[in-house]
Amino acid sequence: MLEALNAMRCDALVPGNHDFDFGPGVTEELAGAARFPFLAANLRRSGGRGPPPWVRPSLHRPELRLELVGLVTSEMEKLSSRRAREGLEFAPEAGALAAHAWA
């Protein structure tokens, strides 16, 4: 799938719950192989250590007067295994969006 997205020259991707199925390490590898950023303004490393280095909160496209903000579902505890979330926290979407939009 990543090869197809790279070939289509995607601007960005917001990871969904299944993108974490094989653990954060695999998601990080996918993000590293992508020719576009992974966006998730509400994704943090556990313990308040900030976002993982392989994710950005948003993508700014000034020529379009557009800011794309990525938000991963905060329901990950219900939708994924403990292994899928290991070392990560998924903050509530509204708070992350408000913090980003008016930062």
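## Starting with Phe 20

Does Phe 20 count as buried or exposed, and at what relative accessibility? In this predicted model, Phe 20 has a relative accessibility of 0%, so Phe 20 counts as buried. The cut-off for buried is under 20%.

What does Phe 20 touch once its neighbours within four places in sequence are left aside? Its contacts are Pro 15, Thr 27, Leu 43, Trp 54, Val 72, Met 76, Ala 84, Leu 88 and Phe 90.

## Aromatic pairs

Searching the whole structure turns up three aromatic pairs. In one of them, the ring centres of Phe 20 and Trp 54 are 6.4 Å apart and the planes meet at 50°, so this pair is called tilted. Phe 20 sits in the loop between helix H1 (2-7) and helix H2 (24-33), while Trp 54 sits in the loop between strand S2 (43-45) and strand S3 (55-56). Trp 54 has 13% relative accessibility, so Trp 54 counts as buried.

Phe 36 and Phe 38 make a stacked pair, with 6.3 Å from centre to centre and 10° between the planes. Both of these residues are buried. There is also an aromatic cluster to look for: Phe 20, Trp 54 and Phe 90 together form one.

## The nonpolar core

In soluble globular proteins, nonpolar side chains tend to be buried together. Here, the largest nonpolar core contains 17 residues. Which residues have the most contacts inside this core? They are Phe 20, Phe 36, Phe 38, Leu 43, Trp 54 and Phe 90. Helix H1 and strand S6 (88-90) each contribute at least two residues to the core.

## A look at Ser 58

Now for a serine. Ser 58 belongs to strand S4, which covers residues 58-61. Its relative accessibility is 10%, so Ser 58 counts as buried.

Not counting residues up to four places away in sequence, Ser 58 touches Leu 39, Glu 67, Leu 68, Val 69 and His 100. One of these partners, Glu 67, is joined to Ser 58 by a polar contact of 2.5 Å between the side chains. For a sense of scale, the C-alpha atoms of Ser 58 and Ala 4 are separated by 22 Å, and these residues are 54 residues apart along the chain.

Conventions:
Residues numbered from 1 in each chain as written. Predicted model: local features only at pLDDT ≥ 70, side-chain atom pairs only at ≥ 80, totals over all residues. Heavy atoms only, no water. Phe/Tyr/Trp six-rings, centres within 6.5 Å; stacked < 30°, edge-to-face > 60°. Helix = DSSP H or I, 4+ residues; strand = E, 2+ residues; numbered from the N terminus. Buried < 20%, exposed > 50% of the residue type's maximum accessible area, 1.4 Å probe, protein only. Core = buried A, V, L, I, M, F, W, Y, C linked by side-chain atoms within 4.5 Å. Contact = heavy atoms within 4.5 Å. Polar contact = N/O pair within 3.5 Å; in protein donor to acceptor, adjacent residues only side chain to side chain.
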